[in-house]
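Student: I have a structure open and would like to learn how to read it. Where do we start?

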Amino acid sequence: MLAHLLERISKDEFETLSQDIKQSISEHREWMLKLNIAVISREKLIDKSFIAHDAHLHCKFGKWMKHILSDEIFHESHFLKIDQLHQEIHSSARELIEAID
């Protein structure tokens, strides 16, 4: 999969992609930390990235995924699986937030 992708993008595009991935993952860790704190402290979150039915599109990682998946070059099973898992994480987070009284 990666060899096929690397053949289709330039070195500069690869470096940009790599930096984007690192930044997006870092920002999603921060999102998860907010979720953990909210669950532990039983604090309701109102940010769309936690409670919207399309919450996965409201966080920075989700916006980045939507952007790269708009390019057919990234319609590879690995990227699509990441997107699916990302949606599931946000769905589970929404359920946790909704369960907080």
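**Helices, cores and rings**

Tutor: Helices α4 and α5 are roughly antiparallel to each other. Their axes cross at roughly 150° and come within 11 Å; an angle over 145 degrees counts as roughly antiparallel. Keep in mind that this is a predicted model.

Student: Which way does α4 pass α5, left-handed or right-handed?

Tutor: The crossing of α4 with α5 is left-handed.

Student: Which residues of α4 and α5 meet?

Tutor: On the α4 side they are Phe61, Gly62, Met65, Ile68 and Leu69. On the α5 side they are Phe79, Leu80, Ile82, Asp83 and His86.

Student: How many helices and strands does the chain have?

Tutor: Five helices and zero strands. Read from the N terminus, the order of elements is α-α-α-α-α. Along the principal axes, the C-alpha atoms fill a box of roughly 50 × 20 × 15 Å.

Student: At what angle do the axes of α2 and α5 cross?

Tutor: Helix α2 covers residues 11-41 and helix α5 covers residues 77-99; their axes cross at roughly 20° and come within 10 Å. That angle makes α2 roughly parallel to α5, because angles under 35 degrees count as such. The crossing of these two helices is left-handed.

Student: Which residues of α2 and α5 meet?

Tutor: From α2 come His28, Trp31, Leu35, Ala38 and Val39. They meet His86, Ile89, His90, Ala93, Leu96 and Ile97 of α5. His86 of α5 is also among the residues that meet α4.

Student: Now the interior. What share of the chain is buried?

Tutor: Buried residues are 32% of the 101 residues. A residue counts as buried when its relative accessible area is under 20%.

Student: Which residues form the largest nonpolar core?

Tutor: A nonpolar core joins buried nonpolar residues through their side chains. The largest here has eleven: Ile9, Leu17, Cys59, Phe61, Trp64, Met65, Ile68, Leu69, Ile73, Phe74 and Phe79. Helix α4 gives the most to this core, with five residues. Another core lies apart from it and has eight residues, including Phe50, Ala93, Ile97 and Ile100.

Student: What is Leu17 in contact with?

Tutor: Neighbours within four places in sequence are left aside here; beyond them, Leu17 is in contact with Ile9, Trp64 and Phe74. For the chain as a whole, take the contacts with a separation of 6 or more: 66% of them join residues 24 or more positions apart.

Student: How many aromatic pairs are there?

Tutor: The count comes to three aromatic pairs. In one of them, Phe61 and Trp64 are tilted, with 5.8 Å from centre to centre and 40° between the planes. Planes under 30 degrees apart would count as stacked and over 60 as edge-to-face, so 40° falls in the tilted class.

Student: How are the rings of Phe74 and Phe79 arranged?

Tutor: Their centres are 5.2 Å apart and their planes stand at 80°, so this pair is edge-to-face. Phe74 and Phe79 are both buried, and both belong to the largest nonpolar core.

Technical notes. Residues numbered from 1 in each chain as written. Predicted model: local features only at pLDDT ≥ 70, side-chain atom pairs only at ≥ 80, totals over all residues. Heavy atoms only, no water. Phe/Tyr/Trp six-rings, centres within 6.5 Å; stacked < 30°, edge-to-face > 60°. Buried < 20%, exposed > 50% of the residue type's maximum accessible area, 1.4 Å probe, protein only. Core = buried A, V, L, I, M, F, W, Y, C linked by side-chain atoms within 4.5 Å. Helix = DSSP H or I, 4+ residues; strand = E, 2+ residues; numbered from the N terminus. Contact = heavy atoms within 4.5 Å. Axes fitted to C-alpha atoms, helices over the stretch in contact; angles between N-to-C directions. Parallel < 35°, antiparallel > 145°, perpendicular 65-115°, else oblique. Left-handed = near helix turned anticlockwise from the far one by under 90°.
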